[in-house]
Amino acid sequence: MADTKTDVAKNDIFAKAYNFTKADEVKELGLYPYFKPLEATDGTIVEIEGHEVIMAGSNNYLGLTNDQRTIEAAQKALTKYGTGCTGSRYLNGTLDIHLELEEKLAKFLNKENCVLFSTGYQTNEGTIQTIAGRNDIIFSDRDNHACIVVGTLCSNAKTVRYQHNDMGQLRKMLEKADPNAGKIIISDGVFSMSGTLAKVPELVALAKEFNARLYLDDAHAVGVIGDGGRGSASVFGLTDDVDLISGTFSKSFASLGGFIVGAREVIEYIRHSSPAHIFSASMPPANVATVLKALEILQEETWRIERLEEISIYMRTELKKLGFNVWSSESPIVPVVIGDMMSCFKFWKDLFEEGVYANAVVPPAVPKGQSLLRTSYMASHTDDHLNRILEAFRKVGIKHGIIDQNGHSAV
């Protein structure tokens, strides 16, 4: 069997792998920004390749991954329950704390019922393919997260994708749709690359007008924005008008896993029918205990949400003043658009050398010519951290000709 690129046949299923050279090319240039191991971290300051840098690219929005209280909760769960559940929730993998967390999340989000999944990705993939069938239509925002896209592909439903937050186009699609088909509109609550919010009031109105259900993925919204961190719909006081809300524990809740909340009957159907739920091992005890403690802290320390909003506004405002294009961010996710992919990698490298880590995002995650540095902020960032981040962006931005000395975009 051929095992080199020169020997591989065009019809070999591995041909695409042998012909994938982009990563190696970027590595050879010393600009590769991915899979960098964190050697130490306190949340806001991390050590990478022997360098201490400010973390400006984490989804640890509440700053709880290194909080002693969440760590102790995980340790106690390990002592009591062991390291894993060794089975699915459907069979031997349900613990009392799984049920406790489901009950508390449903109450927190003012919904009747909740079911946990092992990851946030599985939550959307597993829910969508379960609730949308052959005679149904899914209306999906083009900027939705990959797990939503995969969920639509796995379902037997017809999927139509509307331009990002384009309510006019969504309306036209709904008008053309078979009135007898089951319909569901699915959107990120906060979009993970742009930091923009879904147009929830318009989505609610359209769902009601066209007898469709509404599903929001609040992975970057629950524990981040809204009333007490209750997510995108709560920003507008419309939580009761959204049928399904999903979320993840790998961001604000300092752990791993996911959930979906909604009407009792709908969640029970998902619980008993979703392959991603039935055939996956359940969340380990330490993960569940961490989320329970993070949820408790979120509700007791409301200053974290307030601080996060304050930081978000400050960083968006100041980066704009420097001349950077941050799109229309409305959350702690603040993109800094660079443009060309290789220019983005070079900017990332120099920013890292200046002591700041952000995420280099290139096509296909963003449109061609719109490569960017995705920055995201935590309630635990200090004013000094923020100002050091801004100074690093200023210096590197001027060096690369992205901005000028007078705070204007140079591109």
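Me: How many helices and strands does the chain have?
Reply: This is a predicted model, and its chain has 15 helices and 14 strands. The radius of gyration is 22 Å, close to the 22 Å that the globule rule gives for 411 residues, so the chain is as compact as a globular protein of that length. Along its principal axes, the C-alpha trace spans about 60 × 55 × 50 Å.

Me: What share of the residues is buried?
Reply: Buried residues, meaning those under 20% relative accessible area, make up 54% of the 411 in the chain. As for the surface, the chain exposes about 18,700 Å², and carbon and sulfur atoms supply 51% of that.

Me: And how much of the contact count comes from residues 24 or more positions apart?
Reply: Among contacts with a separation of 6 or more, such pairs account for 68%.

Me: How many charged side chains are there, positive and negative?
Reply: The chain has 42 positive and 52 negative side chains. The centres of the two sets lie 4 Å apart.

Me: Let's zoom in on a strand. Which way do the residues of strand 9 point?
Reply: Start with the general idea: in a regular strand the side chains alternate between the two faces of the sheet. In strand 9, Leu244, Ser246 and Thr248 point one way, while Ile245 and Gly247 point the other way.

Me: Which strands pair with strand 9, and in what sense?
Reply: Strand 8 (residues 213-217) runs parallel to strand 9 and is joined to it by 3 bridges. Aspartate 217 stands opposite serine 246 there. Strand 10 (residues 258-262) runs antiparallel to strand 9, with 4 bridges joining the two. In that pairing, threonine 248 has glycine 258 as its bridge partner.

Me: What does a hairpin look like here, say with strand 1 and strand 2?
Reply: Strand 1 (residues 38-41) and strand 2 (residues 45-48) pair in the antiparallel sense over 3 bridges. Alanine 40 has glutamate 47 in strand 2 as its bridge partner. The hairpin has 3 residues between the strands, and glycine 43 in the turn has a positive phi of about 105 degrees.

Me: Which residues have a positive phi although they are not a glycine?
Reply: The background is that most residues other than glycine have a negative phi, and most peptide bonds are trans. Threonine 86 goes against that with a positive phi of about 55 degrees. Threonine 86 is found in the loop between helix 3 (68-81) and helix 4 (96-108), and counts as exposed at 74% relative accessibility. Asparagine 211 also has a positive phi of about 55 degrees. Asparagine 211 lies in the loop between helix 8 (200-209) and strand 8, and at 67% relative accessibility it counts as exposed.

Me: Is the peptide bond from proline 363 to proline 364 cis or trans?
Reply: That bond is cis, with omega near 10 degrees. To find the spot, look in the loop between strand 13 (359-361) and strand 14, where proline 364 sits.

Me: Now single residues. Is histidine 381 buried or exposed?
Reply: Histidine 381 counts as buried because its relative accessibility is 1%, and buried means under 20%. Histidine 381 is in the loop between strand 14 (371-376) and helix 15 (383-399). Leaving aside neighbours within four places in sequence, the contacts of histidine 381 include Thr44, Arg307 and Leu386.

Me: What about tyrosine 314: where is it, and what is it in contact with?
Reply: Tyrosine 314 belongs to helix 13 (residues 303-322). At 30% relative accessibility, tyrosine 314 counts as partly exposed. Neighbours within four places in sequence aside, tyrosine 314 is in contact with Leu386, Asn387 and Leu390. Tyrosine 314 and arginine 394 are 80 residues apart in sequence and 15 Å apart in space, C-alpha to C-alpha.

Terms used
Residues are numbered from 1 along each chain as its sequence is written. This is a predicted model: local features need pLDDT of at least 70, side-chain atom pairs count only at pLDDT 80 or more; totals for chains, interfaces and linings use all residues. Side-chain values use heavy atoms; hydrogens and water are left out. The radius of gyration is taken over C-alpha atoms; the globule rule is 2.2 Å times the number of residues to the power 0.38. Buried means under 20% relative accessible area, exposed over 50%, partly exposed in between (1.4 Å probe, protein chains only). Contact means heavy atoms within 4.5 Å. Accessible areas come from the Shrake-Rupley method with a 1.4 Å probe; for residues, only the protein chains shown count as cover. Lys and Arg count as positive and Asp and Glu as negative; His and the chain ends are not counted. The place of a charge is taken as NZ of Lys, CZ of Arg, CG of Asp or CD of Glu. Two strands pair if DSSP finds at least two bridges between them.
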